[in-house]
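Please read them beside the coordinates.

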Amino acid sequence: MGAARTAAARERLIRRIAKPLVFAASLAPLAWLVWLATTGGLGANPIEACNRFLGEWALRFLIITLAITPARIVFGAGPLIRFRRMLGLFAFAYVCLHLTSYVVLDQFFDWGEIWADIVKRNFITVGMIGFVLLVPLVATSTNAMVRRLGGRRWRNLHRLVYVTGVAGVVHFYMMVKADVREPLVYAAIVAVLLGFRIVYASRRRLAKGRGAQASAPTPKTP
Amino acid sequence: MMIKRRHQSDVRSSEITPKDVYMERRRFMAAGAGALLFGAVGATPAAAARTKLDGVVQGLYQADEEWTPYDDITSYNNFYEFGTGKDDPIRYSRFFNPSPWSVTIDGAVEKPGTYTIEDILKPHALEERVYRLRCVERWSMVVPWVGFPLADLLKRFAPTSGAKYVAFETLLDPERMPGQKLGVLEWPYVEGLTIDEAMHPLTLLAVGLYGETMPNQNGAPLRLVVPWKYGFKSIKSIVRISLVEKQPPTSWNISTPREYGFYSNVNPEVDHPRWTQATERRIGDFFRRPTLMFNGYAEDVANLYAGMDLVKNY
């Protein structure tokens, strides 16, 4: 009874307080951008500054989303899973805003030029691939779609986000002229987050293998 | 002589009183904080001062376009010696003191030597020239420079027949130029021109802009301005000018030879490997505009490259 009551309280805490807070916090960068844009805070080249700002936050939200699973395992913080979808969708939202800023502000719907960029400029090609791979993930982000696909298939599909994480970092790295320090910091973080999964999965496989061996009937010695 | 302003509609930053007042206050506070932090008692930060240049006459070249506002020209800079962010130069050059300054002129000249900036400037009448500045990153500005033709300076030191190219060098001093502590480029920054390019009447040695001494973030006290080439060719804070026989190395070419050639003439038909150079955004504009061949100076300079393959010699 007591356990059920604590669980219900925790549920209320997550639903009514934590989730709205995370939602509001995720909107804060956008609000900040609007503030900067309306007060001249974006400097002499506001279009470039806006584009950079949105691109960086898209990458940051991707990284936050990719950090949920490792954080749950390392810190035993299971309930973090409740925020993963929202954060992932915010990552997509910032990617979309970044892309919109490029199409509308930077190129002003010059589709010929945009297409030329996508096919000719490697860093834009890579960025576009990262974006396109997110679309099926967003489309299958509802509970109903998870049920329809089944857990295993859904999980496999959503591993595409790893590719987008790498694409985001590569896109940034290839864009800068000479000072690659910042993209390298992001690259290191993504490498740690993806590396963690590889190490964790292989250790689990190993442990499972050992477990299977242990539980198998002991071979008879001849 | 007063500088005649061509565009009455332009509002000088100094005319916008409130901002000017608070910028001054900020500068004052920054100077105070700097003095506290670095113990630079009595040292007036040179960057804060805006000094009017006397005796500036209207030069030959006047781009008939709206000038980019002073605040934009001085707050959006590529000057990696002070950091790689666009707002790093204005921030980190604040306490840079370009005085005393000397320039070495050597190589294939009859009168080599190291001269104080005062001796360098003394015989030259300063003129105002309004040039378009096209950055390789696809943005552009219109800048009213103050300076004198490089050719006039070079002639004083009597180049010999061995002078086929001119090599330039920026100050190397990581203590005063903190960006040089980073390995993003090889330091010191070096640039070069052919002797014909250097002797061209458009090629300017600039000591100021908007009728005032050169702000630190724009390359005080002496910089090159070659308006038909991408901005990085116009080397800042020059300490050495060498007349040489062979094509000298240039910083961005050393860094990424595939992307930045020796010539780096503005050319809408030759793409940068990572972006098209066909269009540019003028600072302050929303829409991109087409980039002009040789940045609109084709009439003056195209003959320098007659018969040259501009795709190969990018």
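1. B:D87 is partly exposed in this predicted model, at 39% relative accessible area. Its salt-bridge partner is B:R91, with the closest N and O atoms 2.8 Å apart. B:R91 is partly exposed too, at 44%.

2. B:R240 and B:E169 also pair through their side chains, in a salt bridge of 3.7 Å, N to O. This pair links distant parts of the chain: B:R240 sits in strand β11 (residues 238-244) and B:E169 in strand β6 (residues 165-170), 71 residues apart. B:R240 has a relative accessible area of 29%. B:E169 stands at 25% and counts as partly exposed.

3. Some salt bridges share partners. One network joins B:E65, B:R132, B:R134, B:E280, B:R282, B:D285 and B:R289. Over all chains, the count comes to 29 salt bridges.

4. Is B:E212 buried or exposed? B:E212 is buried, at 11% relative accessibility, because the cut-off for buried is under 20%. B:E212 forms a salt bridge with B:R50, the closest N and O atoms being 2.7 Å apart. B:E212 belongs to strand β9 (residues 212-213) and B:R50 to the loop between α1 (17-38) and β1 (57-62), so the bridge ties together parts 162 residues apart in sequence. B:R50 is partly exposed, at 27%.

5. Now the proline. B:P201 lies in the loop between α6 (195-199) and β8 (204-209) of chain B. B:P201 is partly exposed, at 44%. Beyond its neighbours within four places in sequence, B:P201 contacts B:Y61, B:R129, B:Y131 and B:P149. B:P149 is 52 residues away from B:P201 in sequence, yet the C-alpha atoms are 6.1 Å apart.

Technical notes:
Residues are numbered from 1 along each chain as its sequence is written. Chains are lettered from A and ligands numbered from 1 in the order in which they are written. This is a predicted model: local features need pLDDT of at least 70, side-chain atom pairs count only at pLDDT 80 or more; totals for chains, interfaces and linings use all residues. Side-chain values use heavy atoms; hydrogens and water are left out. Helices (H or I, at least four residues) and strands (E, at least two) are DSSP runs, numbered from the N terminus. Buried means under 20% relative accessible area, exposed over 50%, partly exposed in between (1.4 Å probe, protein chains only). Contact means heavy atoms within 4.5 Å. A salt bridge is a side-chain nitrogen of Lys or Arg within 4 Å of a carboxyl oxygen of Asp or Glu.
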